[in-house]
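Thank you all for coming. I would like to take a few minutes to walk through one model with you.

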Amino acid sequence: MTPQLSWYLALSAVLFTIGVVGVMVKRNVISMFMCIELMLNAVNLTFVAFSSFFRDVSGQLFVFIVMTVAAAEASVGLGIIIAIFRNRESLDVDDASVLKL
Amino acid sequence: MVAILFILFAGLAIGCAISMVAQRNPLYSAISLIGVFIGLACLYVMLAAPFIAAVQVIVYAGAIMVLVVFVIMLLNVEEEERRPLRLRALMPIAVVLAAILFAEAAFIIFFVHASPGTPTTNVSDIGLTSSIGAGLFTSYLLPFEITSLLLLMAIVGAITLARRGGLLPQDAGVVPGDQVFPQELLDRRQVGDLSPVATHSSEEAERLLGVKRTSPNKSG
């Protein structure tokens, strides 16, 4: 028995849901950031699965671009986290409820 | 056989993901997330996408997670303390909504059969580096260029955000003599604290403010 497309889609849905739950449950900014990375990876799995089962290379190109966006997001996001920590001495999202520094 | 491998790697990914959410120490969360990335890379290999699998390990598990771990070490993050749940009243509604979502997913899985065949058993060339490069530089050239622009913007943004800049510009100078300036200038965290800090020589003011004098010839 070989894995069907639906298996991969189900796995992707499960990972995405875990990521959403993490973003809602966690209060640490870095943990929320990692949950967002998990959601991006779940979407990547969907792309690669469709690309492989429909024999179309476009899906993998999109994965490549999503990874680039994730890398850019990581650099800017971690810069924001460092700025928040420097100004508030805390990584709790409840402490950073105002945009003003 | 392939199904056993799928279950193994999918179990690794899901287990590490649940562990990531359950951990209270962000460093353990980061290590669990690396486990998820490794499991997904193995699944990409099973899906005949070796290039994406390699990039997954190099970029995600290598670059991005090293950056995250570096920031965790730099900021010396402590564990989250347990706090009472907010919005406890919304819990039944959440359970009902989750049940509806699960029912929809189950309906699609059990009653919709439109999935194509399984081409992963025979060799295909769509996942190879050459075909990805060809696609990237022909039909997807514009997204590729936009991606490079995005990376440039991310570099500039990250440097701007992480720069430790005071309220004074870099070329600000001090004049010789007694100086009185608000506390706010020395430390951005004390915004609103306008109590004066007195200095009695230009050298002292220079040292506190971290700027150079306007006229280096004069001895203060």
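What we have is a predicted model, in which local features need pLDDT of at least 70 and side-chain atom pairs count only at pLDDT 80 or more, while totals for chains, interfaces and linings use all residues. Residues are numbered from 1 along each chain as its sequence is written, with chains lettered from A and ligands numbered from 1 in the order in which they are written.

Helices here are DSSP runs of H or I, at least four residues, numbered from the N terminus. Just after α3(B), N76(B) has a positive phi of about 55 degrees.

Buried means that 20 or more other C-beta atoms, placed from the backbone, lie within 10 Å of a residue's own; the buried residues of α3(B) include I52(B), Y60(B) and L75(B). By contrast, zero of the 21 residues of α4(B) are buried, so α4(B) lies largely in the open.

Turning to the contact between chains, counted when C-beta atoms placed from the backbone lie within 7 Å, 61 residues of chain B meet 58 residues of chain A.

Terms used:
Buried ≥ 20, exposed ≤ 12 C-beta atoms within 10 Å, placed from the backbone. Helix = DSSP H or I, 4+ residues; strand = E, 2+ residues; numbered from the N terminus. Contact = placed C-beta atoms within 7 Å.
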